[in-house]
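Please look over the sequence and the model shown here before reading on. The paragraphs after them go through the fold step by step.

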Amino acid sequence: MGQMPKAYRDCLGTYHPPENGQPAMIRLARSMPLAQAVDTLLHEWTHAVTDPDGEGAEKCHGGHTITAFYPQLGRIERAFHTAVEGVLKPNE
């Protein structure tokens, strides 16, 4: 997590596709609670999976499409929750 670039200061997270020889990057704002940061990371990861080249960011409501983005977000969220099931439960 780090400081967001000026152009993205009002964003909680961003996905930046590979560009000019640099690898893809997901940025998360520092100022949010951990649970919100995890949700934001899953959201941005979905952008990376559904639109790795960032072509839909300028159109399709910022890459949020009913046919590609949201079904994949649901799959990623379910997989995440299954992977951490029991691990994040409070000790009794």
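What follows moves from the overall layout to the strands and loops, and then to a pair of helices.

The model is a predicted one. The protein contains three helices and two strands, and from the N terminus on these elements run β-β-α-α-α. Of the 92 residues in the protein, 25% are buried. Among the contacts with a separation of 6 or more, 42% are between residues 24 or more positions apart.

Begin with the part of the chain around the strands. R9 lies in the segment before β1. The relative accessibility of R9 is 47%, so R9 counts as partly exposed. The C-alpha atoms of R9 and A29 are 8.3 Å apart in space, although 20 residues separate the two in sequence.

A29 itself belongs to the loop between β2 and α1. This residue counts as buried, because its relative accessibility is 8%, and the cut-off for buried is under 20%.

Strand β1 covers residues 13-16 and strand β2 covers 25-28, and N20 is found in the loop between them. What is the phi of N20? N20 is not a glycine, yet its phi is positive, at about 50 degrees. With a relative accessible area of 73%, N20 is exposed.

Next comes helix α1. Helix α1 has 17 residues and reaches 24 Å from its first C-alpha to its last, close to the 24 Å expected at 1.5 Å a residue. The buried residues of α1 are A37, T40, L42, E44, T46, H47 and A48.

A48 is placed in helix α1. Its relative accessible area is 19%, and because buried means under 20%, A48 falls in the buried class. The C-alpha atoms of A48 and M25 are separated by 8.8 Å, and the two residues are 23 residues apart along the chain.

Helix α3 has 16 residues and reaches 23 Å from its first C-alpha to its last, close to the 22 Å expected at 1.5 Å a residue. Its buried residues include F69, Q72, L73, G74 and I76. After α3 comes G86, a residue with a positive phi near 85 degrees.

How do these two helices meet? Helix α1, residues 34-50, packs with helix α3, residues 69-84, at an angle of about 130 degrees, and their axes are 9 Å apart. That angle makes α1 oblique to α3. The crossing in which α1 passes α3 is right-handed.

Which residues of α1 and α3 take part? On the α1 side they are V38, L42, H43, W45, T46, H47, V49 and T50, and these meet F69, Q72, L73, I76, E77 and F80 in α3. By class, the contact of α1 with α3 has eight nonpolar, five polar and one charged residues.

Some names come up in both descriptions. L42, T46 and H47 are among the buried residues of α1, and they are also among the α1 residues that meet α3.

Terms used: Residues are numbered from 1 along each chain as its sequence is written. This is a predicted model: local features need pLDDT of at least 70, side-chain atom pairs count only at pLDDT 80 or more; totals for chains, interfaces and linings use all residues. Side-chain values use heavy atoms; hydrogens and water are left out. Axes are lines fitted to C-alpha atoms, for helices over the stretch in contact, and angles run from 0 to 180 degrees between N-to-C directions. Helices (H or I, at least four residues) and strands (E, at least two) are DSSP runs, numbered from the N terminus. Angles under 35 degrees count as roughly parallel, over 145 as roughly antiparallel, 65 to 115 as roughly perpendicular and the rest as oblique. A crossing is left-handed if the near helix is turned anticlockwise from the far one by less than a right angle, and right-handed if clockwise. Contact means heavy atoms within 4.5 Å. Ala, Val, Leu, Ile, Met, Phe, Trp, Tyr, Cys and Pro count as nonpolar, Asp, Glu, Lys and Arg as charged, and the others, Gly among them, as polar. The expected span of a helix is 1.5 Å times one less than its number of residues. Buried means under 20% relative accessible area, exposed over 50%, partly exposed in between (1.4 Å probe, protein chains only).
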